[in-house]
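Okay, everyone, thanks for coming.

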Amino acid sequence: MFKLTDTQRAYLAGIIDGEGCLTISRGKDYKGRETYRPVITVETTSIALQSWLVSTFGKGHAARKTQGGNHKDRYLWNIAKKSDLREICLLIEPYVVIKKKHVEVMLDYLSKQYLHDVPRLGRGIVKACIQN
């Protein structure tokens, strides 16, 4: 369980609102059966922000993408474990503004564990978020 102050919860909600994405991607498993994979991803050019996310949560996956040229490197942090996703969504739900519907869809998916009936936003796209 993540122990965060109200200020940290609001800060995380702001990060996810601004630089995060909540997705439920459709794919196939090794037997060719349709599966769904929920993920929260934060992508930023700030290594300090990525470090805060990693040190605060101690979970998820952190990566660096080198751009080359005049572009800054990008830093990614994502959470895919369902219990961690649910906990993060519950922590930020009262504070998130822009992606409130996306958090609600993610929580709905995680609570019901849809097998084939994933909520769809937009034109049949199986994503809880199209990054703003």
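Predicted model: local features only at pLDDT ≥ 70, side-chain atom pairs only at ≥ 80, totals over all residues.

So, Tyr11: it counts as partly exposed because its relative accessibility is 44%, where partly exposed sits between buried, under 20% relative accessible area, and exposed, over 50%, with a 1.4 Å probe and protein chains only. Residues are numbered from 1 along each chain as its sequence is written, and side-chain values use heavy atoms, with hydrogens and water left out.

Now, rings. The pairing rule takes Phe, Tyr and Trp (its six-membered ring) with centres within 6.5 Å, and calls planes under 30 degrees apart stacked, over 60 edge-to-face and the rest tilted. Three aromatic pairs come out of that. One of them is Tyr11 with Trp52, edge-to-face, at 5.0 Å centre to centre and 85° between the planes. That pair links distant parts of the chain, 41 residues apart, with Tyr11 in helix 1 (residues 6-19) and Trp52 in helix 2 (residues 47-57).

Staying with helix 1, a quick geometry check. The expected span is 1.5 Å times one less than the number of residues. For the 14 residues of helix 1 that should be 20 Å, and the end C-alpha atoms are 20 Å apart, so it agrees. Which residues of helix 1 are buried? Arg9, Leu12, Ala13, Ile15, Ile16 and Asp17. Their cover includes strand 1 (20-28), strand 2 (34-44), helix 2 and helix 3 (82-92).

Helix 3 has its own buried list: Asp84, Leu85, Glu87, Ile88, Cys89, Leu91 and Ile92. What covers those includes helix 1, strand 1, strand 2, helix 2, strand 4 and helix 4.

Over to the strands, which pair if DSSP finds at least two bridges between them. Strand 1 and strand 2 run antiparallel, with nine bridges, and Gly20 has Val42 in strand 2 as its bridge partner. Their hairpin has five residues between the strands, and Gly32 there takes a positive phi near 85°. Strand 2 is also joined to strand 4, antiparallel again, by five bridges. Strand 3 (residues 61-65) pairs with strand 4 in the antiparallel sense too, over five bridges. Strand 4 itself (residues 74-79) is mostly covered, with five of its six residues buried.

Ile40 has Ile79 in strand 4 as its bridge partner.

Thr41 is found in strand 2. Buried or exposed? Thr41 counts as buried, because its relative accessibility is 19%. Leaving aside neighbours within four places in sequence, Thr41 is in contact (heavy atoms within 4.5 Å) with Glu19, Gly20, Cys21, Leu76, Trp77 and Asn78.

Last stop, Lys99, in the loop between helix 3 and helix 4 (100-112). Lys99 counts as buried because its relative accessibility is 1%. What does its side chain meet? A polar atom of the Lys99 side chain lies 2.4 Å from the backbone oxygen of Gly20. The C-alpha atoms of Lys99 and Gly14 are separated by 9.7 Å, though the two are 85 residues apart along the chain.

That's my tour, so over to you.

Terms used:
Helix = DSSP H or I, 4+ residues; strand = E, 2+ residues; numbered from the N terminus. Polar contact = N/O pair within 3.5 Å; in protein donor to acceptor, adjacent residues only side chain to side chain.
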